[in-house]
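User: I would like to learn how to read a helix and a chain interface from coordinates, taking one feature at a time. Could you give the general idea before each case?

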Amino acid sequence: MRVSRELSKNGYLTISLTIFFALILFRASSLAAETEQPRSGGELVFAVGGTPPSFDGHRETTFAMLHPVAPHYSTLLRFDLLNFPKIVGDVAEKWSISKDGLIYTFNIRKGVQFHDGSPLTSKDVKATYEKIIFPPQGVASARQASYAAVVDKIEAPDTHTVVFHLKQPSASFLANMASPWNFIYKADLLAKDPRWYEKNVMGTGPFVFVEHVSGSHWVGKKNPNYFMKDRPYLDGYKALFIRDTAPRVASIRSGQASIEFRGFNPAARDDLVKALGNKIVVQESSWICNLTAVINNEKKPFNDPRVRRALTLAIDRWEASKALSQISLMKYVGGLFRPGSEFATPDAELAKLAGFGKNIETSRKEARRLLKEAGVPEGFSFTLKNRNIKEPYEVTGVFLIDQWRQVGLNVNHVQQEEGAYFNDFRQGNYDAGIDFNCDFMDEPDLQLIKFLSTDKSPLNYARYKDPVLDELYEKQGRAANLKERLNLLRQFEKRALDEQAYQFHILWWQKINPHSAKVKGFKAVPSHYFMHLGDIWLAE
Amino acid sequence: MWRYILKRLLLMIPTLLGVAILIFLMLRVAPGDIVEMKYAGTGTYAPKEALDRERAQLGLDKPLWHQFVSWMWGIVRLDFGTSMWTGRPVTHEIAIRLELSLQLALMATIVAIFLSIPLGTVAALKQDTWVDYCVRVFSIAGLAVPSFWLGILIILGFLIIFRWLPPLTFTSFWVDPKANLAQLIWPALAVGYRYSAVATRMTRSAVLEVLREDYIRTAHAKGLWEKVILVRHALKNAMLPVITVIGLEFAFLVGGLVVTEQVFNLNGIGKLFVESIAQRDYIMVQTLVLLISFVFIFVNFLVDLINACLDPRIRYQ
Amino acid sequence: MAKMSAKTLTLPVESRVDRWLEVTLRFARERSLGAAGAMIVLLMIFAALAADLIAPYDPLRTDYRAMLQAPSSRHWFGTDSFGRDVLSRLIYGSRTALWVGFSSSFLGATLGAVIGVVSAYFGGKIDLIVQRLMDLLLSFPLIVLALVVVAILGTGTTNVILAITIPMIPRCALVIRSSALSLRHMPFVDAARALGFGHRRIIFRHMLPNVMAPYLVMLTAFLGQAILLEASLSFLGLGVTEPTPAWGLMLRGAAVEFAERAPWMAIYPGIAISLSVFAFNLFGDSLRDALDPKLRI
């Protein structure tokens, strides 16, 4: 009896301890689950660094339009922002590609409704893409050229299937279907007036349009009939248009805005962190944006590849990365493709290209030698034209001039207002200039356009013709597999950046998104053209 | 009298026409147009056909004289055109922002009056004492301190000390007076201070003039009441020159609004103007310049009218 | 006419200097505020001219390892976001301010004076046309016209000078014209015409010198305004451009972005602008009181 009493005493102890710990574990796990569990409700206020010109995604090219307007629309496919760059269906449920890569078939979800209650069918998708690829007279489509060479025709065999027939295989076609600009519009509205969407909103997205006060703000509220169950978590959103950086940073600091989807510079981040401590969370990633040094290949002595190579050799990109990344958006050393993307050249190989070497002394000595050989005198003077935006343009301009000074070049920094700046570039009225490039996704078809011959690419201000590069571009766009494509891309990069150095990237940008700690479900991606408000929720 | 008024009013028309021609030509001379700004400014690829199509839509491909005439013809029919940036009527864009700028101008003027009259009077009453010197230095400082810097200091102060920022969106006074004032009182102070500078000195000299005369005549100023009557009489005399000065300084007010709206991120006419110039939105800039010039000329006309009422000699020039 | 002996006409050198000294001292005593203003102006001019000597660092030299440092013994006023010494930039900034201020007010006042005198002298149709043209330019507030000019010409120091000069011209022309109008009917002008002097000679050698007083007052009055206008334009990003050291430029953006870490960056340039405009205004006011108190600008 004594044993059983002792056992019972221990037993009771054991049992109660077990229950006690189990309760704790249970409470802990449910607490953990609570903090991770998305909460419905709340209005998200975010700042936008510009104002939307029109509301038509097919026509505009500025993020200032996307941020307030895109939440009202769906696209055929979209990028899963929590797993970038994975592509998932938005309005499309599943899709298949024919063996020869010429036929893409998309199955449209059932039960998707426009905000006015009418159902979305394949007719709407067909009409949308016909507007984008074959716009009627008088309708502008900014990205038409990306598709026109590739797409032959579009069919809608039944109410929930859309088929694209391509003229040639295209490695980037699927990604283009996920482009954030390709809002799906209602066919009936387009038929009545193809320009209706420039001033009006009617989509199938997670939020319904409420109010827009020009120059001030944009308001949307939750779509109760959104096709994704339980989404969106938010009750609504308000976008504040704040063009200048200083008040935009101040809006986050004072809590009037919770987040900004483009990105701030490091100084603003440091200031916000110092001011708000743990009330603010900072997310950083690389960015599909960069600054390029553009050389006027038609002007002497820049028509000589030796001079151009000298210019790129003189730049200590690795040192620049360290110094500039503390005060500006410039950070990552990379060639033609974003460092970190699947197309990027590994560092070891990159260091073999002119301007990317790790030993700057050797590079600069080589640069001086090339200049001398090409007959450029010591102290040769030319102008560098730049936008008059302090960061990162000014910073980079000042840095470049300092680098070129170290190989005996005397460069004048001329900063211009936007209008004059673009005009001079287009007219070829410059010696050297700083230009920038932002793309919405890692896709060589997009990143390489700038380097094609001037008559093929209006984005190429450097004024040269190079049929070798043009041909390589065509080939890589049609490549059968990734390995072949990468091979062609390496060849392109070597010729463009190393042998010819027509124009060259200086550094790729870093994206810094400080936001209120209450904002959850947001993950910074390398492109500021994406923000999926359907994933975002606000903590208490 | 009426002939003078009529003459001045009629003179406004050729002046405004001249302004219209001048601003139209000046803008077209500026390099870069709005289509360029929109597409090239975002660094993405847009083919020349898309750009040309945009230009055709905005009417930029027509010859200059054609653009000017169609603009002028529109104005005659009170159709001021559509903004090249947003595609909405110019009148709509301006109307949204007008209330804010008007209210700001009004509040700045009130601040100016509430600063200049008491300060000017006190300075006159205590002439040549340290009070007088302080007021004079304070008012000259108003001319020297950039109003945008004052605005920056105000914002900085709020951010650092209170972690607070004046509201960034505008709510009309009639909807929510507290939010409205919370946003506009600070820029009104920054602008009003400068606006009061000259008016303070004017009040001071006007009050001085009256005090001097009456003081000599009434040799014994007995106690408070006589002084008060004196000051009230002086203020009545000071009113008109002060109003004149406020009218003449009006140019500063408009300029002050342009810069201060940037600092405080106010969605007003001034900010619209700076942005439209940066975007090369010709129609908007043209209309804004016409509007600002019209108001400006009109205010000058009112000031001259007041002066003419006071001084008949001017009328017959 | 009897030939006057040169000796009897020249004043002894000492008493001329004595006279200037006397005038200056009287000015300082009677208009102490104006004298204080003049002192600050002189200090500014000195700083601008001797900048190379007194500035501790090169204002353009960047130092990425010393960014946004607080005022210390090495950098009295701290450093900015590029690691440049703030004190040196302030000192060199006075050079920019004075260069832009002087050039634009001098050009504006001079051109305005010539136009005003010419208009008053010839009268009639020429006067009317010039008046209308000046009215046209006057119907824009200063900054509006300056902004449009900058939009056309672009930014940069020379363009800013032009952008500020253009609005100044009509304002000066108007004032000088009214002064010159009263001159036109004076006997010496008629006498000059009777003697057969050409228009140019009369204008430049007889009329212009007689409007010196209002001209000088306009010049100093505009200087302060020009400095303010340049600061405003640079602040908007439409004036002088980096890396030129200029006070308005130093306030641009940096002030609120670095509020937490470097609030001093917003204070010093603003004080510099205020102090210099203040000084010019004080001096100009006293000058006007001394020369012509009835002048309404």
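This is a predicted model: local features need pLDDT of at least 70, side-chain atom pairs count only at pLDDT 80 or more; totals for chains, interfaces and linings use all residues.

User: What span does helix 17 of chain A reach, and where is its kink centred?

Analyst: Helices (H or I, at least four residues) and strands (E, at least two) are DSSP runs, numbered from the N terminus, and the expected span of a helix is 1.5 Å times one less than its number of residues. Helix 17 of chain A, residues 482-500, has 19 residues and reaches 26 Å from first to last C-alpha, close to the expected 27 Å. A bend is the angle between axes fitted to the seven residues ending at a residue and the seven starting there; helix 17 of chain A has a kink of about 30°, centred on A:Lys494.

User: Which elements do the buried residues of helix 17 of chain A pack against?

Analyst: An α-helix has 3.6 residues a turn, so residues three or four places apart point the same way. Buried means under 20% relative accessible area (1.4 Å probe, protein chains only), and the buried residues of helix 17 of chain A include A:Leu488, A:Leu489, A:Phe492 and A:Ala496. With contact meaning heavy atoms within 4.5 Å, the buried residues of this helix pack against helix 9, helix 11, helix 15, helix 16 and strand 17 of chain A.

User: How many salt bridges does the rule find across the interface of chain A and chain B?

Analyst: A salt bridge is a side-chain nitrogen of Lys or Arg within 4 Å of a carboxyl oxygen of Asp or Glu, and the rule finds 0 between chain A and chain B. The contact takes 56 residues from chain A and 44 residues from chain B.

User: What is the make-up of chain B, in helices and strands?

Analyst: Chain B has 13 helices and 0 strands, and buried residues make up 57% of its 317 residues. Among contacts in chain B between residues at least 6 apart in sequence, 76% join residues at least 24 apart.

Definitions and conventions
Residues are numbered from 1 along each chain as its sequence is written. Chains are lettered from A and ligands numbered from 1 in the order in which they are written. Side-chain values use heavy atoms; hydrogens and water are left out. Buried means under 20% relative accessible area, exposed over 50%, partly exposed in between (1.4 Å probe, protein chains only).
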